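This report describes selected features of a single protein model. It covers surface, core and charged contacts in turn.

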Amino acid sequence: MSIIPGSTPPVEVHGHHHGNHPDPIMHHPPESALRVPGLPEISERLYNQDLAPTKAEGRRWTSYSIFTLWANDVHSLGNYGFAIGLFALGLGAWQILVALGVGAVLLFALLTFSGFMGYKTGVPFPVMSRISFGIHGAQIPALIRGGVAIAWFGIQTYLASLVLRVLLIALSPGLGNLDHNSILGLSTLGWAAFLFLWVVQVIIVRYGMDMIRKYEAFAGPIILITMIALAVWMFAKAGGSIALSKPHALTGGAMWREIFAGGALWVSIYATFVLNFCDFTRASKSRKSIIKGNFWGIPINMLLFGLIVVVITGAQFKINGVLISSPSDIVQSIPNTLLLVLAALALLVLTVAVNLMANFVAPIYALTNLFPKRLNFRRASLVSAIIGLVILPWNLYNNPAVIVYFLGGLGGLLGPLFGVIMADYWLLRKAKINVPELYTESRTGAYSYRKGINSRAIIAFIPSAAISLLIAFVPSLQAVASFSWFFGAGIGALVYFLIADRKRSFEDVSGEPIAVPSLH
């Protein structure tokens, strides 16, 4: 079969031309197969317009698009809280920069290799997981990643609503009267702020990944300018000098242990992203755009982030000996109402940007993968958002046990998943992927394994996940708890590589014949 590059492939759905169908989700045929001459039978239980590979031609994500992802995410309030925590532990300015630098170098490598997978295949994370876990076994990593994200989507929306409540009361003090009651754990003003931000995010996401790209591109410069301005203002307020460390700062072996532990935890924070970065890079223009976007967005941007942390934390500590917990503490102390409002708005723009990319996209693809005949990107976004609302995330956030054991436990599973997927893709297959067979239920399909599940991947995942969780939660292993992601990923990769089927041969087959335009 001959396919003209950039043309719409002649995918036939029982006589209908699937490629240009206005809404294939609403009109699926009585049987569950799409047919492309010369390719295996494509199952509608595995394929729709959102799960399909993206055409190489027409992809829109540039190096700037990828850079702005990191420009937003790296400067999240949660990351500032983490880095300021290193200062509180007794690390000084240069030690914090070294810790973040170690993490940044590792993340640049991990995210670049992960991003290449998305660029080459054009598929989202749940489909990428079919390579190693099988066409049905892929539901396991997809749902774990999606479950973590849905909970954090709700929690981050709640945290953003706290900033919005402060802003609204600053603008109209009378609204404070609506902030003293409690309805299912939130005040009337709290509900209004939460629902407003919830609706804004749903609207943005319903326009697809391209709207997310545009929002990130809009938000990135705002965040960088705001954070740099805060640092300059604090530096001037502190008289042009800052405290480079707390009194009695760590030294010697204890200092180096905290530096490397901080670097390891910095990688763990991005454990979600290193898994599903392909959700974004499947729309990248080139491998070069991934490398360039990651270079400016990760090591360079993280160095800037570290400098801002050192300046604002050290300046505040020099002024009055108080250790801030977040840049929002500084924003609340801005004496000029207009500047306070602008800074608070910037923090809201930032939090929404982080939430969209880190916590909204993954569950959308996970749900679409679960019900491809019923859900598309828009519908899955609404289902995901509703779940993030009905779990009453503020109650989860205010329960330390839930955060530590449930969400922390799910997070502990991400390292082993990453290890298995990367070992299978890079070490075993050497990036040779038969993309069309990711969408077939044929027993002879390359990713059918046994009843659609690769038992070897499951066997490698279970012990590595158990070890990762033990290291993270057993008190006697506290000294190495910061490195649990690395243990999980390393053991998962090693075990899978040792037990993998070496007798199989691998083909590299393009997904272009069944690809769809990169509209989102």
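Is Ile 391 buried, partly exposed or exposed? The model is a predicted one, and in it Ile 391 has a relative accessible area of 30%, so this residue is partly exposed. Ile 391 sits in the loop that joins helix H14 (377-390) to helix H15 (393-397). Together with Leu 382, Val 383, Ile 386, Ile 387 and Val 390, Ile 391 makes a nonpolar surface patch of about 410 Å².

**Nonpolar cores**

The largest nonpolar core has 144 residues. Those touching the most other members are Trp 70, Leu 107, Trp 266, Phe 280, Leu 438 and Tyr 439. Helix H13 (residues 337-370) supplies the largest share of this core, with 19 residues. Apart from this core lies another, of 5 residues, including Ala 151, Ile 155, Val 402 and Leu 407.

Which residues does Trp 266 contact when its neighbours within four places in sequence are left aside? The partners of Trp 266 are Val 74, Asn 79, Phe 82, Leu 100, Gly 103, Ala 104, Leu 107, Met 302 and Phe 305. One of these partners, Leu 107, is also named among the core residues that touch the most other members.

Ser 43 belongs to strand S4 (residues 42-43). With a relative accessibility of 3%, Ser 43 counts as buried, because buried means under 20% relative accessible area. The C-alpha atom of Ser 43 is separated by 6.3 Å from that of Glu 441, although the two residues are 398 residues apart along the chain.

**Salt bridges**

| Salt bridge | N to O distance |
|---|---|
| Asp 210 and Arg 60 | 2.7 Å |
| Arg 165 and Asp 179 | 2.9 Å |
| Lys 214 and Asp 210 | 3.8 Å |

The bridge between Asp 210 and Arg 60 links distant parts of the chain: Asp 210 lies in helix H7 (residues 209-237), and Arg 60 lies in the loop between S4 and helix H1 (63-73), the two being 150 residues apart. Asp 210 counts as buried at 8% relative accessibility, whereas Arg 60 counts as partly exposed at 35%.

Asp 210 also meets the side chain of Lys 214 in a salt bridge. Lys 214 and Asp 210 are 4 residues apart in helix H7, so about one helical turn separates them. Lys 214 is partly exposed, with a relative accessible area of 45%. These contacts form part of a network of salt bridges in which Arg 60, Asp 210, Arg 213 and Lys 214 are linked.

The bridge between Arg 165 and Asp 179 likewise links distant parts of the chain, with Arg 165 in helix H5 (residues 139-171) and Asp 179 in the loop between H5 and helix H6 (188-206), 14 residues apart. Arg 165 counts as buried at 14% relative accessibility, while Asp 179 counts as partly exposed at 22%.

Key
Residues are numbered from 1 along each chain as its sequence is written. This is a predicted model: local features need pLDDT of at least 70, side-chain atom pairs count only at pLDDT 80 or more; totals for chains, interfaces and linings use all residues. Side-chain values use heavy atoms; hydrogens and water are left out. Patches are made of residues with over 30% relative accessible area and no salt bridge: like charges are joined within 9 Å, nonpolar side chains (Val, Leu, Ile, Met, Phe, Trp, Tyr) within 5 Å. Accessible areas come from the Shrake-Rupley method with a 1.4 Å probe; for residues, only the protein chains shown count as cover. A salt bridge is a side-chain nitrogen of Lys or Arg within 4 Å of a carboxyl oxygen of Asp or Glu. Buried means under 20% relative accessible area, exposed over 50%, partly exposed in between (1.4 Å probe, protein chains only). A nonpolar core is a set of buried Ala, Val, Leu, Ile, Met, Phe, Trp, Tyr and Cys residues joined through side-chain atoms within 4.5 Å. Contact means heavy atoms within 4.5 Å.
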